[in-house]
Amino acid sequence: MKKIISMILCGCLAASLLASCGSENGGESTGGNSGGDAVNLKYYFIAKTTNTEDTKEIQEALNEVTKEKINATVELHPLSFNEYPTKMPLMLTTGDDLDIMTSSNFLSYTSVVQTNGVLALEDLLPEAAPELWNMYDQERWDAAKVKGSIYMVPNYDPSVSYPGFWAIGELTEKYDFDWENAESWEDWEPFFDTILEKEDGVTPILSDADYWGRLWFPGYYGYEGVGSVKAPKGQDLVVVKADDPNRKVVAAPFTDEYKETIELTRKWYEKGYFLQTPPTEAEMMSLRSEQKFATFAVPFVGEGDTTAMAASEWGGATILQAKIKGKAPIITTGSATSSGNCVAKASKNPEKALQFIQLLHTDEYIHNLLNFGIEGKHWVWKDEAKKVIQYPEGMDAETCGWVPNTTYQFGNKAALQYFQTEAEVDTSSRVEEAMKSAVYSELMGFVADPEPVKNQLAAISTVCQEYAEPLERGLVDPNDPDKGLAAFQQKLKEAGIDEVVAEFQSQIDAWASENGK
Amino acid sequence: MRKTPLLKRRENNLGLYLMALPGFLVLFIFCYCPMFGIILAFKDYNFSDGILGSPWVGFDNFVFFFQSGVAWRLIRNTVGLNLLFMVFGQLMGVTAAIFLNEIFEKRVAKAYQSILFFPHFISWVIVGYFTFALFNGDKGLLNNFLHVIGMEPVNWYGEASVWPAIMTIISVWKGCGYFSIIYLAGIVGINPEYYEAARIDGAKKRHEIRYVTLPFLKPLIMVNVFLALGRVFYANFDFFVNVTRSSGQIMETTDVVDTFVVRSLTVMGDFNMSAAVGLFQGVCGLILILTANMLVNKFDKESAVF
């Protein structure tokens with residue numbers, strides 16, 4: 001008897017094992033409600049909050065329009081900020097079933113192209129989406145070329161950013177600090193000293209162990225990154241002075257600016273401006289919402305309005321966008337290809353996919369539906385004439401079921417997008433103004449190919465983790481013989497930084513002569 | 001038993017075979033089926049050509065690992081730390097099992113056992129936070145303590161030399177309960193008559209342990225050691241990432257093959273390179289097991305696993 005029971009149990013176990021394997025494939029394909037011969041497109045993008053219910057509703061609303069306009073349905077696949085950069089490259093490399101995906105700072109254009117999983121669009125674009133093709137200047141399309149092919153429809157999202165801090169307004173006011181006229185980093189020192197002295201448990205500059213809180217950012221000194229060569233969590237390593245007509249490639253850690261910055265960082269670290277052991281990003285976020293800090297160093301202090309961000313992420317503090325006045329605004333190739341939509345090689349209907357992307361750039365309703373959701377449910381008009389929207393009564397960023405919080409992702413932001421606050425209406429004209437005075441990079445339109453030096457890059461990423469991370473956070477003395485700057489430079493040379501620089505230099509030179517620059 | 005015909009024996013054990021079936025299936029699906037993927041290590045894979053169609057590149061994918069300049073350090077750290085974990089883990093497991101077995105009050109023994117076993121269920125992420133709570137430079141418990149007794153605080157996440165010890169302690173703390181249960185089961189299975197005989201011959205407790213318990217546990221220890229040896233080139237990625245917080249300053253002693261691979265390949269996104277390192281780790285593990293078994297065969301044939 002016992003034996004029979006055990007056999008039945010085993011059988012069940014084996015069966016359930018097999019069943020659970022099988023069911024996973026079953027669920028996937030039934031998503032879209034493709035009626036008639038409308039094709040189904042799978043669209044992957046990043047989003048902060050998207051409830052399943054709300055996603056479904058928005059998908060239905062979207063499909064009503066797309067079915068009529070391009071005879072296609074679109075399946076929405078929002079992924080979180082953490083998931084996206086790890087999941088998408090895998091899906092692209094393995095040829096997983098998807099049609100359209102977005103590229104942005106969280107998953108750069110270069111890395112998307114590197115997966116070999118996205119389609120070259122230059123032949124298809126004029127045929128399948130002529131309106132889109134003619135909408136933008138040839139220069140913008142050229143800027144998106146990698147080795148002669150266009151792999152992405154870039155979004156139009158003009159922005160200018162400055163080095164500086166996001167500072168808590170309540171604190172600068174309390175200690176009467178004139179943040180608007182700070183010319184240099186050092187001008188902030190008296191304020192930080194006061195904070196250390198008078199505010200218990202408040203760190204002057206919030207940092208974490210990942211990306212945030214460094215004073216070193218190549219863009220601050222007019223440098224532009226080449227080929228996405230980065231320390232694993234850090235900044236561009238191989239750079240060109242954006243306004244250098246000779247386009248001379250250098251490795252950032254060998255520049256004087258780098259040395260000065262890490263020395264300043266060290267000085268500030270020793271004074272106690274940073275946390276002694278950098279927290280993780282999640283811990284940093286919680287410190288941030290508790291306002292246990294005075295400033296947050298960011299490479300993209302801009303013109304935008306911070307009220308919405310402050311309410312959702314900063315515990316409601318007043319966030320000042322404090323520029324370092326002595327430094328020029330930053331505009332790089334990055335901003336020409338900083339975000340956009342790509343069509344996957346695996347797509348069975350690339351023409352339809354392009355037509356959907358065209359809608360993102362031309363259709364006001366679709367563009368805003370993806371950004372803000374359904375009118376009346378996720379947003380209401382605050383001022384319809386000025387196109388300013390707000391959350392419906394009793395709803396905010398926390399409770400709304402559709403807050404992608406990625407306004408740059410869905411096509412033509414500049415022309416189509418509604419404003420979230422009154423202040424943004426003026427901002428957009430100020431951005432246009434600032435664009436005129438910004439320094440344009442000599443590299444606009446160049447995208448490097450790191451393939452020939454990938455062995456060196458693998459080695460360099462370890463060197464950076466070991467040396468650049470502590471140096472850029474002030475954790476070690478730059479003059480330390482074993483762990484300091486000299487040792488870092490030496491290790492970089494051993495890892496083959498010179499070959500990387502030479503390779504990119506030759507790629508840039510070839511590109512420049514090809515394009516008659 | 002030997003005399004029963006094979007078929008008959010099969011019939012008798014059908015239930016047992018069925019019980020093993022799910023395990024075999026899992027092993028087959030997850031260990032044998034993907035083995036085909038090894039060829040990726042020698043290819044330049046792109047999905048439009050498929051796995052078979054992609055061009056062969058020989059040993060190109062292995063170059064990055066050995067050219068990195070840190071290959072030796074990675075291997076030293078991986079193997080060294082894993083050996084430390086293995087030796088101390090087994091040692092503490094056996095010791096704990098023997099102690100647990102000596103507790104007469106069964107309820108107390110069960111309580112101790114549960115307490116020892118508990119860390120096994122804690123996720124490495126949480127363990128990483130425990131470690132951070134102890135060692136961080138700002139509000140860490142250890143630094144607070146040092147401050148109270150009037151000593152200088154230490155930047156623990158910057159002191160490479162102390163980390164092998166810290167990691168061994170954590171590994172033992174987390175794994176000890178698991179091994180102690182395996183060994184306890186082994187001890188419980190020993191026929192009490194051996195102990196009685198030993199006691200009649202005048203053996204003390206330590207003699208019993210030395211001459212009865214340990215010899216009976218030896219095969220079990222051997223199996224565990226061999227299992228650990230096979231994985232000595234693979235570091236537990238969760239452990240290393242969460243506990244060291246990928247701190248650059250302690251990489252001299254905590255950077256291991258797996259963390260290196262992930263770091264390099266998140267930059268490059270190259271599957272072939274990670275397949276190459278995976279193959280390298282597997283082959284090294286295999287060689288290690290074969291050599292160890294050969295040596296055991298030579299000196300102590302009875303204890304050899306195969």
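Predicted model: local features only at pLDDT ≥ 70, side-chain atom pairs only at ≥ 80, totals over all residues.

Visitor: Which residue is the bridge partner of A:Thr102 in S15(A)?

Guide: The partner of A:Thr102 is A:Asn341, a residue of strand S15 (residues 340–343) of chain A.

Visitor: Is A:Asn341 buried or exposed?

Guide: Buried means under 20% relative accessible area. A:Asn341 counts as buried because its relative accessibility is 0%. Its side chain makes a polar contact of 2.7 Å with that of A:Tyr43. Beyond its neighbours within four places in sequence, A:Asn341 is in contact with several residues, including A:Ile100, A:Met152, A:Leu360 and A:Gln409.

Visitor: In what order do the strands of the open sheet with S15 stand in chain A?

Guide: The order of the five strands is S3-S1-S4-S15-S7 in chain A, with mixed pairing. Strand S3 (72–79) and strand S7 (153–154) of chain A are the edge strands, each pairing on one side only. Helix H3 (residues 83–93) of chain A lies across S1, S3 and S4 of chain A, at about 140° to S1(A).

Visitor: How is the sheet S10-S11-S12 of chain A paired?

Guide: Those three strands form an open sheet with antiparallel pairing. Strand S10 (223–225) and strand S12 (249–251) of chain A each have a single partner strand, so one side of each is left without a neighbour in the sheet. The twist averages 45° from one strand to the next. Three bridges join S10(A) to strand S11 (residues 238–241) of chain A, and A:Gly225 stands opposite A:Val239 in S11(A).

Methods. Residues numbered from 1 in each chain as written. Chains lettered and ligands numbered in written order. Heavy atoms only, no water. Helix = DSSP H or I, 4+ residues; strand = E, 2+ residues; numbered from the N terminus. Buried < 20%, exposed > 50% of the residue type's maximum accessible area, 1.4 Å probe, protein only. Polar contact = N/O pair within 3.5 Å; in protein donor to acceptor, adjacent residues only side chain to side chain. Contact = heavy atoms within 4.5 Å. Pairing = 2+ DSSP bridges. Axes fitted to C-alpha atoms, helices over the stretch in contact; angles between N-to-C directions.
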